[in-house]
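Visitor: Please take me through one part of this model closely, strand by strand if need be. Start with the wider setting, then go in.

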Amino acid sequence: MTTHTELPAGRAPTAPGGGRTTGTPPARRRRRGAIRDRLAHFGIFAAPGVLTYACFVVAPIVLSVYYSLTNANPFRPPRRWVGLDNYTALVQDPEFLTALRVTTILTLIVVIVPNVGGLLVALLLDKRGRFYNAMRSVFFTPVILSSVVVSVIWTRLLDVDGPLNRALRALGVDDPPAWLSDPDFALYSVASIISWQMIGFCVVVYLAGLQGVPVELQEAAALDGAGPVRRFRAVTWPLLAPALTINTVVLLISAFKTYDYIKVITNGGPGAGTTATIAFNVLQTGLDGNHVGYASAMAVLMLVIVGVATAVALKILRGREVDL
Amino acid sequence: MTSVTRRKFLRGAAATLLTTAALAGCSVGPSGSGGGEAITFLTFETPNLTPAYWDAAIKRVTDKHPEIKVTKLVAPSADGRTAYAKQLLQSGQFPDVLVGVSPAGFAEAGELYAWQPDDLKDFQFPTANPIQGKYFQLPANTQTIPPIYYNKKLFQAAGVTGEPKTWDELLAAAEKLKAAGTTPFVIGGGKDGFASSMILAGIVSTDLYGDRKDWLSKRREDKVKFTDPEFVVALEKFGNLAERGYIDKNNVSRDYAATEQAFLDGQGAMYPMGNWFAASADSKQHDFEIGVFNFPTQDGKLVVPAYTGGGMIVSANAKNQSAARKFALAFQLDKEQLDQSVKADGLFPAIKGYQPPADTGPVFKAGYELYQKAVQENAVVNAFRWETADDGLLPGMADKIDAAAQDLVTGRKNAAEVATYLDAEWTKAS
Amino acid sequence: MTERLPWLRPIVALVLSALFFVPLYLVPANVFKPGDQISASPASPPWPPTLDNITAVLSRPDNLFWVSLANSVIVTAVSVVVLTVLSAMLGHYLARSRSPWATALTLVLLAGLMIPPQVILIPVTEVLKATELMATVPGLVLFNVGYYVPFGVFVFTGFIRGIPIELEEAAFLDGARRTQVFWRVVFPLLRPASASVLIFLGVWIWNDFINPLVILGPGRGTTVTTGVYRSIGQYQTDFGSVFALMFLATLPVLVFYLALQKHFVKGLTGGATKG
């Protein structure tokens with residue numbers, strides 16, 4: 001720290017300096033001091049974080065937008081400006097449209113399944129005691145595992161002759177599906193794996209929400225003769241609105257960036273792009289391929305889609321919270 | 001949470017952090033590269049090519065040339081090593097020497113050193129894989145892709161006598177095997193897409209290249225297309241095998257190692273695979289005899305697809321380029337190293353005057369004889385999908401061929417749709 | 001409230017969690033089983049147990065596990081500490097500032113929460129190349145700081161808004177400097193928020209895959225996650241080693257979690273209930 005500015009006594013740290021109309025020398029000095037003070041405050045408290053963010057998030061986004069308007073390709077220098085060509089090519093590219101469809105299906109499943117499952121499990125485990133604590137830990141453990149580890153485990157589990165299909169055969173299913181080889185199943189298998197990993201997150205968030213539901217309200221409703229279902233709909237569910245918001249937004253954002261699972265489990269297949277998300281295609285095209293410009297256009301479109309989807313989800317969900 | 005437990009927690013967290021940092025400080029880091037002749041060398045690891053294999057190979061060279069200091073890098077996946085090299089180029093970490101990475105694309109962008117005739121004088125096929133008339137990858141070895149390995153026990157049990165030479169004989173054998181309850185062909189896929197497209201590569205190589213060796217060069221000039229009848233017929237032939245149930249479509253997500261294991265476990269009768277499989281066939285446990293025959297052609301004419309190359313490429317921008325070149329050549333010409341590569345990976349070294357060691361296994365020997373005979377009869381053609389130069393696929397297209405093969409196997413697309421898809425991807429890649 | 005079938009709930013809970021646990025059971029079942037039995041019977045209990053797989057991984061000649069562990073520990077520890085300090089200060093600045101600029105800045109930062117790493121990864125390599133930080137540990141740490149600072153800010157601003165400003169003002173009245181006030185008065189009050197930030201970012205950065213894969217590159221060795229990925233290729237059929245490596249890679253974060261379980265939940269729910 002280089003600048004120490006003593007604060008004027010009795011003034012809150014963020015209160016602005018002297019008034020505009022005062023032009024006398026002491027007042028000007030005081031104002032200059034206040035500006036210096038505010039700069040120092042910004043410089044010490046905010047600048048380090050803001051600058052790293054600017055360098056590693058904001059600047060790259062700007063660069064991405066720029067690349068998306070060029071034919072950037074390390075194999076084909078020089079870089080040339082192509083305007084919106086990449087975008088017009090993209091919206092006609094069946095590969096991209098497939099990826100869009102895959103991402104949408106995957107996101108819908110990953111937002112809905114852990115949300116519903118997590119809520120049910122949370123209602124089931126909403127009791128005190130060591131037993132229920134232990135159960136909660138079981139459900140939460142996958143959340144802290146690496147996606148690569150989860151992918152390897154499930155690839156083994158879902159193998160055509162893996163433990164799951166052996167169990168199914170033992171139960172009398174003659175021809176269990178090829179979970180990862182059948183193009184009709186692979187995407188749903190991957191979505192289930194992600195849902196399995198995320199469910200514990202939702203459980204914990206819903207449990208916290210449930211703990212915030214006053215017992216008196218429940219009891220009052222029970223006295224009014226409301227059954228468990230009505231009590232849930234009238235009392236509990238509305239009070240879980242903030243938890244629903246958190247879960248939905250977190251799931252939405254993490255579903256959109258699905259890459260690791262695809263890379264490790266299916267590599268985008270079976271066949272052409274049956275499980276390739278946009279996030280997967282961005283890196284396949286840009287890093288593993290060499291079409292940086294085209295990949296950047298994909299990335300920018302993806303960012304717009306995530307932004308709009310998140311904003312819409314937040315607007316709807318927050319609206320519910322206010323309506324209470 | 002009371003403030004006491006909070007404090008306790010924070011103290012605990014701080015202690016954990018300090019311990020881990022201290023641990024990190026004293027644990028082993030990768031050996032750095034110092035000195036004037038330092039180079040980086042990108043390898044890849046497979047069940048055949050283990051870390052110990054590479055370390056020993058590097059040491060043999062550095063024992064002879066102690067001035068060269070080698071930092072070994074490892075691609076995170078064997079099948080994706082060319083893609084990974086692109087990623088490293090993109091992120092400014094392109095290695096000095098790379099092995100088994102396709103030079104296509106890198107060479108045209110001026111990233112690679114072009115080997116001079118003098119560098120190539122010891123190689124049997126110095127003019128393999130030309131890119132714009134120059135040679136960027138040492139033509140170190142030849143691989144036949146794919147001969148068909150077969151389970152003699154299952155053939156006998158199904159009453160298949162003799163080795164198929166024509167396509168009809170192959171279909172007849174497959175039909176008998178299927179009737180006997182055996183899966184005729186073993187394929188794989190998943191993250192190792194090439195295991196899905198092996199048979200397709202065989203069909204295209206023998207059918208198309210048998211008559212028109214330069215078919216892909218013509219494709220590059222846009223004189224032919226994937227939607228042309230001759231290519232669609234090849235796709236149909238392949239799709240047909242799946243339709244008749246000779247290929248188990250449930251196996252397109254099985255990775256390469258599991259696929260190999262499935263054949264060794266007797267879960268299928270015929271295994272079309274590159275001749276590197278011979279190394280596993282001769283070393284890994286199995287309770288039947290393995291035979292090998294050339295990929296059958298339509299009319300039985302001898303056509304043997306093979307790829308010669310696979311050796312080192314050297315970065316044009318290597319800091320110590322002469323050391324990098326010296327290392328690459330010394331690595332590739334070392335007799336002991338060649339013997340090791342034969343034993344570990346079943347390669348056919350393409351070095352003048354080289355003879356494989358006498359103690360190789362029977363499957364390797366059988367495959368090597370097939371190849372020698374093809375060379376004598378001038379019947380060798382390129383192996384489709386595996387070419388790495390101007391006579392091959394555009395960079396990035398091999399993955400699309402694999403995906404197309406999977407679509408044919410699962411029945412998601414028919415031959416015409418796959419051909420259209422390939423032409424569209426070709427346009428994007430060019 | 002009473003339940004009609006009080007025994008039903010624990011039984012359902014037990015059955016559900018047992019089913020849910022099956023995939024996790026595969027890990028210990030395969031780590032302690034001789035490698036050649038794994039493909040034949042992946043789900044059988046590892047009896048008699050063996051430590052062969054673990055020792056094989058720990059004694060690899062190239063030290064893959066130890067190098068990966070060192071990299072992961074350094075990257076995670078440094079990133080998390082720097083992130084906690086920077087985002088606490090930034091969060092405080094934004095929570096206490098009333099200017100419209102600060103509001104706008106908060107929004108820009110919070111937008112960062114939803115940016116997928118794939119969107120920025122290629123240009124990030126350009127930024128790191130330009131600053132000669134590509135393929136270095138500091139480069140990866142700096143990227144982590146930039147990428148995860150929005151999460152820290154999100155947690156800290158929310159928390160700080162709940163702390164009465166009078167505490168700080170009183171300290172100013174005593175003539176203390178701003179940084180002193182922050183470190184002596186405010187920061188100690190932020191412990192629960194700091195705990196969540198440490199814990200969550202710790203787990204995320206430890207488990208990160210694509211960022212270390214690209215940014216750290218091959219020269220510095222792998223992190224535990226990328227090490228697991230790489231070993232799949234080499235071991236392929238040797239699932240005993242793959243599972244052993246996964247087990248060892250997860251162990252630190254699992255211990256971390258079990259020790260601080262309560263704080264995990266607190267951290268999560270702090271965010272959940274305050275929004």
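This is a predicted model: local features need pLDDT of at least 70, side-chain atom pairs count only at pLDDT 80 or more; totals for chains, interfaces and linings use all residues.

Guide: Take the contacts in chain A between residues at least 6 apart in sequence: 69% of them join residues at least 24 apart. Chain A has 13 helices and zero strands. Its pattern along the sequence is α-α-α-α-α-α-α-α-α-α-α-α-α. Of the 324 residues in chain A, 46% are buried.

In α6 (residues 163–170) of chain A, the buried residues include A:Pro163, A:Leu164 and A:Asn165. Part of the cover over the buried residues of α6(A) comes from α5 (147–157) of chain A. Just past α6(A), the backbone at A:Gly172 has a positive phi of about 100°.

Chain A also meets chain C. Here 77 residues of chain A are in contact with 78 residues of chain C. On chain A's side, helix α1 (residues 25–68) gives the most, with 17 residues. By class, that side of chain A holds 54 nonpolar, 20 polar and three charged residues.

Now to chain B, for the close look. Across the boundary, 26 residues of domain 1 of chain B are in contact with 22 residues of domain 2 of chain B. On the domain 1 side, the elements that give two or more residues are β4 (130–131), β6 (139–144), β10 (304–310), α12 (335–345) and α13 (362–376) of chain B. The residues on that side of domain 1 divide into 10 nonpolar, 13 polar and three charged.

Two names from that side, β6 and β10, return in a sheet. This open sheet of chain B has four strands, in the order β12-β6-β10-β13, and its pairing is mixed. At its edges stand β12 (348–349) and β13 (380–382) of chain B; each has a single partner strand, so one side of each has no neighbour in the sheet. The partner relation of β10(B) and β13(B) is parallel, over three bridges. Within it, B:Pro305 is bridged to B:Val381 of β13(B).

Next comes strand β7 (residues 148–151) of chain B, which is covered on both faces. B:Ile148 and B:Tyr150 lie on one side, B:Tyr149 and B:Asn151 on the other, and all four are buried. Which strands pair with β7(B)? One is β8 (residues 270–272) of chain B, in the antiparallel sense over three bridges. In that pairing, B:Tyr149 has B:Tyr271 of β8(B) as its bridge partner. Another is β9 (residues 290–293) of chain B, again antiparallel, over four bridges. There, B:Asn151 stands opposite B:Ile290 of β9(B). Two residues from one face of β7(B), B:Tyr149 and B:Asn151, are both buried. B:Tyr149 bridges to β8(B), while B:Asn151 faces β9(B).

Notes. Residues are numbered from 1 along each chain as its sequence is written. Chains are lettered from A and ligands numbered from 1 in the order in which they are written. A residue is buried if 20 or more other C-beta atoms lie within 10 Å of its own, exposed if 12 or fewer, and partly exposed in between; C-beta atoms are placed from the backbone. Two residues are in contact if their C-beta atoms, placed from the backbone, lie within 7 Å. Ala, Val, Leu, Ile, Met, Phe, Trp, Tyr, Cys and Pro count as nonpolar, Asp, Glu, Lys and Arg as charged, and the others, Gly among them, as polar. Two strands pair if DSSP finds at least two bridges between them.
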